[in-house]
Amino acid sequence: MGSGEEDTGGGGGAVRGAVLKALVVVGGVLLLRRLRRSTTRWDHARAVADALSGEKFSREQARKDPDNYFNLRMLTCPATEMVDGSRVLYFEQAFWRTPEKPFRQRFYMVKPCPKEMKCDVELSSYAIRDAEEYKNFCDRSKDQRPQPEEVIADIAEHLTTIHLSRCGRGKRCLYEGSTPPEGFPNNWSGASYCTSDLSIHKNGEVHIWDKGFNDEGNQVWGTKAGPYEFKPAPKSKYDDMFSPLNFSAPLSLEKKLDKTYVIDDQ
């Protein structure tokens, strides 16, 4: 009888072990599904916003191909957050020798793509109502910048929207996307519309290819050799800006700007 009781106890332990193992497996599956759901929308948007932020240069590209590319400084940082969670970034570009004089200023709004669309992140650019007040926004201390409520009020007309998707396995990029083929209205330097392609890479690079076309479909501005490749500057103060409190060889300038890069579009 004693041996019978031992057999029963051993069988019960095996059953309990199997049940416990099954619960662990089921729990792991449920947790994995939950994690996957959490990274399909807002986590993608946050990843794109963080990847765009910081100081980046096209220095290497300009050195290798000075006939087609300038050494430009691209600087982006958090400006505010909308009530729906969309992140608003301030973006500017300048020649590397004169960073205090940006020739292009924008607001970027970053949010998940609408559920009905087959993409992950919607990146829209907007004009700034009083761009002069925002020059070198990212270089200023918080108390010297326009405040979040002012930023929201200064978001002006919509310019472009790029729909980004997670890159497939084996690619160097993390996200890539473009404007619709028909582009968006643009009247700079004889253009009637413009298009943009953007990719975010695993090493922190951001590649941007902006082009303007006339009514006949001929390219009238923007590089023809390929996108600008902006590479991160050495670690700087911008790396420490992503807290909720803060979410808030020389080239001649005589080059023909109208054929290589837009200096004062729209």
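Residues are numbered from 1 along each chain as its sequence is written. Local features need pLDDT of at least 70, side-chain atom pairs count only at pLDDT 80 or more, and totals for chains, interfaces and linings use all residues, while side-chain values use heavy atoms, with hydrogens and water left out.

**Confidence**

Let's start with pLDDT, the predictor's confidence in each residue, from 0 to 100. The protein chain has an average of 82, and 73% of its residues score at least 70. Confidence is highest in strand S5 (residues 121-128), at a mean of 98, and lowest in helix H1 (residues 2-38), at 51. Where pLDDT is low, the predicted coordinates should not be read in detail. Helices (H or I, at least four residues) and strands (E, at least two) are DSSP runs, numbered from the N terminus.

**Aromatic rings**

Twelve aromatic pairs turn up in a search of the whole structure. Rings of Phe, Tyr and Trp (its six-membered ring) pair if their centres lie within 6.5 Å; planes under 30 degrees apart are stacked, over 60 edge-to-face, and the rest tilted. Here are two of the pairs:

| Pair | Centre to centre | Angle between planes | Geometry |
|---|---|---|---|
| Phe 70 and Phe 95 | 5.3 Å | 80 degrees | edge-to-face |
| Phe 91 and Tyr 108 | 4.8 Å | 35 degrees | tilted |

Phe 70 sits in the loop between helix H3 (59-64) and strand S2 (72-81), 25 residues from Phe 95 in strand S3 (residues 87-95). Phe 91 lies in strand S3 and Tyr 108 in strand S4 (residues 104-112), so their pair ties together parts 17 residues apart in sequence. Both Phe 70 and Phe 95 are buried, meaning under 20% relative accessible area, with exposed over 50% and partly exposed in between (1.4 Å probe, protein chains only). Phe 91 and Tyr 108 are both buried too.

Ring pairs also link Tyr 90, Phe 107, Tyr 134 and Phe 137 into a cluster.

**A buried threonine**

Thr 160 lies in strand S6 (residues 155-166) and is buried, with a relative accessible area of 12%. Beyond four places in sequence, its contacts include Leu 123, Ser 125 and Phe 184. Phe 184 is 24 residues away from Thr 160 in sequence, yet 6.1 Å away in space, C-alpha to C-alpha.

Key: Contact means heavy atoms within 4.5 Å.
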